[in-house]
Amino acid sequence: MGISEKKPAIDRITRRDFLKSSATAGLGVALAGTALGQSPSQAAPAAAKSADELRVAVIGCGAQGRVLIESMLRIPSVRIAAICDIWSYSRQYAGNYLKKYGHVANVYEDYRELLAAEKGLQAAVVATPDWVHAEQAGACLRAGLHVYCEKEMSNSLDKARSMVLAARETGKLLQIGHQRRSNPRYIHAINRLIREHSLLGRVTVAYAQWNRAKADLLGWPEKYVIDQATLDKYGYGSMTEFRNWRLFKKFGGGPMVDLGSHQIDLFSWVHGTPPKSVVASGGLDYYKNWEWYDNVMAIYEFETKEGTSRAFYQVQTTTQHGGFYETFMGENGSLVLSEIPQRGNWAMREPHAPEWNSLAKAGLLLSESVPIQKSTTKNVYVDVRVTAEAGRWPLPVELAKPAHQPHLENFFDAVRRGTPLNCPAEVAYESCVAVLKTNEAVKARRVMDFRPEQFKV
Ligand SMILES: NC(=O)c1ccc[n+]([C@@H]2O[C@H](COP(=O)([O-])OP(=O)(O)OC[C@H]3O[C@@H](n4cnc5c(N)ncnc54)[C@H](O)[C@@H]3O)[C@@H](O)[C@H]2O)c1
């Protein structure tokens, strides 16, 4: 097939390699800037059983499953009692990792066997490829478990709908893994600064991007090849499909869905409403072995109480230029955010805007940083004083935890104490519609209007 497949030996796969391959799969963002490299500081010791202990199963122990396991090990009284994965490599990796922290989990290949055998579970965390989320999350809900399921809900809107309905019918909780919804920096920026304090005035435009360097297809260690009968049993045509599922239409939604799902969700959160329309252009222009578009540019229109706002989104897979961040712009200022604070964690004030010093005094912003120095270089023709950017007002909120931990904590708090979920299935379904329809808009090569009822189940 002309595919460049790396086949590292399993015994040479170190934690560093694992994190590297996680980054390729969309995880690096969530991990960088956190306490990685350190052991989970609050790993529950095997003997410590507390009254409010929750027994949890993890279904799907690949790159993201392990990231979630690492975060769960930091949350007190969460016991990972069972794990499931169809790949022995992932089962072994996760099982050994858990053992290191005193969690002896029962290990399964098939989630149906897990659900039949395990009694006394309260919750399941589903981190398998998108196309099996609906089946597995639905089965867990019907088995009486609360479910944390990774984004994107599904690569099919019908299946995503079925998840909302399953949660509603069973009365169990279903949290979807848009972890920025629980990130205290995003909550501060969007709920406190934009909503409560109207820092930006009327929001008129938003921009977000996720640009990533070119990459080879993911490979696998030779001794962990899955035989074809097993691949067939679980619906994968080959090891290439199995490892690179997000690039194939049967299993995922390509970069637009994989990466865009996080950021399009933010557009709706900031505007307080899903989009009214989308127009998009994209294509499979660079890679030979994918099915999904390798680049997409999309423009969404939002109709808010204050008027129309537009949001531009792009995802690129041949350049990492600018990386990944989101910018929300309004008449009085803008906010730049990213899961990695170095890429976005500040506000910028328009010269005519009401003063922000009182917000800084109240601890809602840090004081303005020194404005960009005026250039004195003789080579500069333009008077840079005219175009020099305003100073940055950094946000005062830090996240000293792995990026997914607060979202998992919110889920477990909801299970234990009825705290409202930050991303229940109904909310995630809205962004699932916007994101999946963007791929359709690329294909249709026209503006697609949304009806409000399309976002409801
Ligand atoms: N929230 C985030 O920041 C974030 C980041 C990355 C991935 N994700 C999501 O997490 C999910 C998993 O992504 P990943 O990067 O870990 O993929 P991955 O391919 O690394 O891992 C998937 C795992 O699921 C297993 N699997 C496949 N089919 C299965 C089945 N039917 N039953 C049980 N196990 C099965 C595979 O063997 C593999 O171990 C996806 O939905 C992805 O969109 C979320």
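Select Ser198, in the loop between α8 (184-196) and β7 (203-211). Helices (H or I, at least four residues) and strands (E, at least two) are DSSP runs, numbered from the N terminus. Check the backbone here: Ser198 has a positive phi of about 45 degrees, although it is not a glycine. Ser198 counts as partly exposed because 14 other C-beta atoms lie within 10 Å. The cut-offs: a residue is buried with 20 or more other C-beta atoms within 10 Å of its own, exposed with 12 or fewer, and partly exposed in between, with C-beta atoms placed from the backbone.

Two notes before moving on. Residues are numbered from 1 along each chain, as its sequence is written. The model is predicted, so local features need pLDDT of at least 70 and side-chain atom pairs count only at pLDDT 80 or more, while totals for chains, interfaces and linings use all residues.

**Whole chain**

Colour by pLDDT, the predictor's confidence in each residue, from 0 to 100. The mean for the protein chain is 88, and 85% of its residues reach 70 or more. Now select residues 1-39: pLDDT is below 50 there, and the stretch has 65 contacts in the model beyond near neighbours in sequence. Residues 41-47 are also below 50, with 16 such contacts. Two residues are in contact if their C-beta atoms, placed from the backbone, lie within 7 Å.

Switch to cartoon. The protein chain has 16 helices and 15 strands. Buried residues make up 45% of its 457 residues. Among contacts between residues at least 6 apart in sequence, 73% join residues at least 24 apart.

**Ligand shell**

Centre on the ligand. It is surrounded by 29 residues, and the closest are Gly62, Gln64, Trp87, Ser90 and Glu150. The shell divides into 14 nonpolar, nine polar and six charged residues. Here Ala, Val, Leu, Ile, Met, Phe, Trp, Tyr, Cys and Pro count as nonpolar, Asp, Glu, Lys and Arg as charged, and the others, Gly among them, as polar.

Next, select helix α3 (residues 63-72), which gives the largest share of the shell, three residues. Nine of the ten residues in α3 are buried. They are Gln64, Gly65, Arg66, Val67, Leu68, Ile69, Glu70, Ser71 and Met72.

Follow the chain to Ser77, in the loop between α3 and β2 (78-84). Ser77 is not a glycine, yet its phi is positive, near 60 degrees. It is partly exposed because it has 15 C-beta neighbours inside 10 Å.

**Two buried stops**

Go to His103, in the loop between α4 (88-100) and β3 (106-108). His103 counts as buried because it has 23 C-beta neighbours inside 10 Å.

Jump to Arg349, in strand β13 (residues 345-349). Arg349 is buried because 21 other C-beta atoms lie within 10 Å. Its C-alpha is 6.7 Å from that of Ser334, 15 residues away along the chain.

**Helix α6 and beyond**

Select helix α6 (residues 133-142), where seven of the ten residues are buried. Those seven are His133, Ala134, Gln136, Ala137, Gly138, Cys140 and Leu141. Show what they pack against: β1 (54-59), α5 (111-117), β4 (123-126), β5 (146-149), α7 (157-170) and β6 (174-176). After α6 comes Gly144, with a positive phi near 95 degrees.

Then pick Val147. Leaving out residues up to four places away in sequence, Val147 touches Ala123, Ala124, Val126, Ala137, Cys140, Leu141, Lys172 and Leu174.

Step on to Glu152, in the loop between β5 and α7. The peptide bond from Lys151 to Glu152 is cis, with omega near -25 degrees.

**Largest nonpolar core**

Finish inside. A nonpolar core is a set of buried Ala, Val, Leu, Ile, Met, Phe, Trp, Tyr and Cys residues joined through C-beta atoms within 7 Å. The largest has 119 residues, of which Val56, Ala57, Val58, Ala124, Val147, Met163 and Ile194 touch the most other members. Highlight helix α16 (residues 425-444), which supplies the largest share of this core, eleven residues. The core draws at least three residues from each of domain 1 (10-179) and domain 2 (182-370 + 429-455). Those bounds come from an automatic or database domain assignment.

Conventions
Near = placed C-beta within 6 Å.
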